[in-house]
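I set out to record what I looked up in this structure. The entries below follow the order in which I worked.

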Amino acid sequence: MYDYLLHQKIKSALLKFRVGKEEDDLSFYSRLIANASTIKSLYDELYRQHPAAVPQFDLLIETLTSAHKKRKPALKKTDAIKAEKGNWFLSNEITGMSLYVDQFCGNLTNLGEKLDYFDTLGVNFLHLMPLFESPAGESDGGYAVADFRKINPRFGTLDDLIVVQQKMSTAGMYLMTDIVLNHTSRLQEWAMKAKEGDKHYQDYFYMFDDRTMPDIFEQTMPDIFPETAAGNFTYVPECHKWVMTVFHNYQWDLNFSNPAVLVEMLDIVLFYANLGVDVLRIDAPAFIWKEPGTTCQNLPKAHTLLRLLKQCVQVASPGMALLGEAIVAPKEIMQYFGTGNFVAKECDFAYNATQMALQWDALATGDTRVMLAAQHELLKKPYGTSWLTYTRCHDDIGLGYDDYMIQQAGFDPYQHRKFLKDFYSGNTPGSTATGALFSVNPKTQDARISGTLASLCGLEKAIANNNENEISTAINRIIVMQAASFFIGGLPMLFYGDEVGYTNDYSYLSNPAKSYDNRWMHRPIIDWDKNSKAEVEGTIEHRIFSATQQMISLRKKLPVLADYSNLTWLSPYNIHVAGFLRQVEDNRLFCFFNFKNEVMYVDWQVVKEKGNPPVMLYDHWNKKDYIVGRDKEYLIVEPYSFCLLEAVK
Ligand code: GLC
């Protein structure tokens, strides 16, 4: 229905910011008009009842208009190029790396000097871990933000970031940064004002005079960090109130049921967009809406809020894609891509955390059946959206897939998870892994896993044992793990250090700001002497680096690996080998990954079940031709190895 009042509002906002004649203004204007009704109805769904709904909506429209005005011509040009490409982020030519600027190279200026390193590896997308000001002693790796617009001086300045972004863009690289929407540091300006008793800012948080509401919330809210930050509320003596703190007690949850919070945060989202961010990682989106009587996670209104943000970003900075960092159960994750009329109109990306954890499951057990049992859920990802695929990131590994998936594979869920936790924390005889349990819940014995890719794959123990065979096996495990995440579809995101096999770094234990959080063991401080060994043939660093490099370059060469939702799982003729087909038209790539330390045999029948049986296959990884054998003849896959077999036409 035509909404006269809404369009009058838009007109006055356009007039106020003198948006009108330029070509890009017209594009903005068209986008705004096209999306305005949806924005309004999503907004109304959340805020219709709020006393400040109307003035805050006016502000929202002005925020969009003013962000457009501030967007640099170069970024508007990139927006147009990306729009023309359509779904630019599904490409097989993008490979990412996630890194802490300080731990990687000190500061942003140095990062600008390291672009050659990424180029050599083939990485053309950087996720710079939180850059904005965060108090040194209570920063949660930068996820407790004290100033959303000021770069942490340890990293440099906003101008330094702009310089890096420009250098990256000139080099054809993409930038991802975080927006920490769910909470602020207790030392952030709004929190400080709230503490001083300012009612306006107290409404930016969930603050209560006594324990009545906190106790009601606590009945249904789980603990996120049960060991180090039990409970979801913290007493603030300065104002004699309880504030909601779902994560650490120094991270105050923002109250998005107040539209002023939405508009403030939208302004920050667009501020980041205007710095040239290509993908914005929305931290912890599962938590952004709270209601008593619920877990306060994955609530329908959290999705409404994300859709609203997506629509706004589409209007003001259409070149910026959104990644929802929801590390949730397989069924829940699909919701973040949007449902109903909003399919593929919520988050463009989500972490494929389920697949990541399932790879670790398969590696520990040498059995891929649980992985397979989860795929019918993961395959529901809508066309036009994509995964971030990974083996490790800065966080812990959670075993959050459903019990029925474990049962379907014939295991007991409790015992199976216990085995995995014991295996990766090195508590099982014969375990090759060196990791640790993170956030053990004393009530449920639930726990996640910390440790670097290399240590969890056995490299730390192998080096300690000075055993060349074990070292080779560990390297093979690392490579097969990376390969499985590189070729499954989505944007592969390396974690810095993994490309040269960093093992756990225990120095965090002597730093009181970090020692309470063992995730720091897998966030290494880069030693560039070690990294330079990547150039020396035969070194561990070289073996891992060059394999990673080759996988990246292979992926870039094969368009069938772009994420066109073109993944089909193959019959599990051998439970130790995961196999899937990537196909676009008559281009077919059969991919097999052996998760066991034994040679495996896969019946050739497997490649004959999908379309015309191929006669010849070319293995892009092992650079080998195969003539497809008869049934009951076998493809041989070496221990912890993989092959990428293209059907020769
Ligand atoms: C996200 C981050 C994690 C952080 C949490 C709270 O999950 O990845 O590192 O601790 O949010 O901000």
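I count a contact wherever heavy atoms lie within 4.5 Å. The model is a predicted one.

Entry 1, Leu14. I asked which residues Leu14 is in contact with, leaving aside its neighbours within four places in sequence. I found Val19, Phe28, Tyr29, Leu32 and Thr65. Leu14 itself lies in helix 1, residues 4-16. Thr65 stands 51 residues from Leu14 along the chain, yet I read 6.6 Å between their C-alpha atoms.

I looked up how helix 3 (residues 53-70) meets helix 13 (residues 300-316): their axes come within 9 Å and cross at roughly 35°. The crossing is right-handed. Helix 3 contributes Leu60, Leu64 and Ala67 to the contact, and helix 13 contributes Cys312, Val315 and Ala316. I noted 6 nonpolar residues in this contact, with no polar and no charged ones.

The largest nonpolar core has 211 residues, and Leu60, Leu111, Phe118 and Phe256 have the most contacts inside it. At least three of its residues come from each of domain 1 (183-253) and domain 2 (566-647). A second, separate core of 18 residues includes Val602, Trp604, Cys643 and Ala647.

Setting aside neighbours within four places in sequence, I found Phe118 in contact with Met97, Leu99, Phe104, Leu111, Val123, Leu126 and Met173.

Note on methods: Residues numbered from 1 in each chain as written. Predicted model: local features only at pLDDT ≥ 70, side-chain atom pairs only at ≥ 80, totals over all residues. Heavy atoms only, no water. Core = buried A, V, L, I, M, F, W, Y, C linked by side-chain atoms within 4.5 Å. Buried < 20%, exposed > 50% of the residue type's maximum accessible area, 1.4 Å probe, protein only. Domains from an automatic or database assignment. Axes fitted to C-alpha atoms, helices over the stretch in contact; angles between N-to-C directions. Helix = DSSP H or I, 4+ residues; strand = E, 2+ residues; numbered from the N terminus. Left-handed = near helix turned anticlockwise from the far one by under 90°. Nonpolar A, V, L, I, M, F, W, Y, C, P; charged D, E, K, R; others polar.
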